[in-house]
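Hello,

Here is the structure I promised to pass on. Please open it first, then read my notes on its salt bridges below.

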Amino acid sequence: MPAACTLPSVLDLSKPFYMRVLCSAFMFRLSNTKISFRADTVPNAHVASRVEAAIAAEHRDTKDFKKLYEDLMRDNGRLRSQLLNTQNLVNETKAELERANQRQERSVDRSFLIDTEKKEKLILERRVSELQDELKVLGDLKADNQRLKDENGALIRVISKLSK
């Protein structure tokens with residue numbers, strides 16, 4: 001550290017002079033005004049100038065720290081808002097993905113149902129054609145049965161005439 005930025009190394013805080021200098025420095029920080037030492041409180045101008053330089057450097061550093069703190073707070077706020085925006089985007093994307101998955105499941109379910117319905121429809125159409133064929137056969141059988149009944153009746157009449 002440069003000598004202008006440090007307090008004298010021989011500070012004895014038990015002495016009233018150094019206490020007054022430290023109180024003055026504290027008051028300087030509070031009031032944010034320029035330091036002015038009275039001649040009766042500063043016996044050594046060299047020490048006073050070193051103390052003034054140290055206090056001024058501390059004051060500049062305080063401003064720098066305050067500026068750095070404000071910059072960091074601004075950056076933190078900006079990063080927080082970016083993080084929130086990113087989290088919102090991630091949540092929206094997850095929701096869209098979930099909706100897309102649900103739509104796909106429904107379409108898969110629908111396509112499965114459609115395939116199942118098509119298979120059932122084919123099975124029913126085959127069954128209908130088989131039943132129509134059986135109806136035709138049944139109609140033919142009824143006609144054959146009726147023809148046989150008529151032939152049987154005719155034969156019975158012929159036999160009864162011959163037996164008389």
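The count comes to five salt bridges. Keep in mind that this is a predicted model. Here are three of the pairs, one at a time.

Start with Asp75 and Arg78. Their side chains meet in a salt bridge, at 3.7 Å from N to O. Why can they reach each other along the chain? Both sit in helix H2, which covers residues 45–162, and they are three residues apart, so about one helical turn separates them. Asp75 is partly exposed, at 34% relative accessibility. Arg78 is partly exposed too, at 41%.

Next, look at Arg127 and Glu130. Their side chains form a salt bridge with an N to O distance of 3.8 Å. These residues are also in helix H2, three residues apart, which again means a separation of about one helical turn. Arg127 has a relative accessibility of 44%, so it counts as partly exposed. Glu130 is partly exposed at 41%.

Now find Arg147 and Glu151. This salt bridge has an N to O distance of 3.0 Å. Here the spacing in helix H2 is four residues, and about one helical turn lies between Arg147 and Glu151. Are these two buried, exposed or partly exposed? Arg147 is partly exposed, at 41% relative accessibility. Glu151 is partly exposed as well, with a relative accessible area of 39%. There is one more partner to find: Asp144 joins Arg147 and Glu151 in one network, through salt bridges that share partners.

Best wishes

Conventions. Residues are numbered from 1 along each chain as its sequence is written. This is a predicted model: local features need pLDDT of at least 70, side-chain atom pairs count only at pLDDT 80 or more; totals for chains, interfaces and linings use all residues. Side-chain values use heavy atoms; hydrogens and water are left out. A salt bridge is a side-chain nitrogen of Lys or Arg within 4 Å of a carboxyl oxygen of Asp or Glu. Helices (H or I, at least four residues) and strands (E, at least two) are DSSP runs, numbered from the N terminus. Buried means under 20% relative accessible area, exposed over 50%, partly exposed in between (1.4 Å probe, protein chains only).
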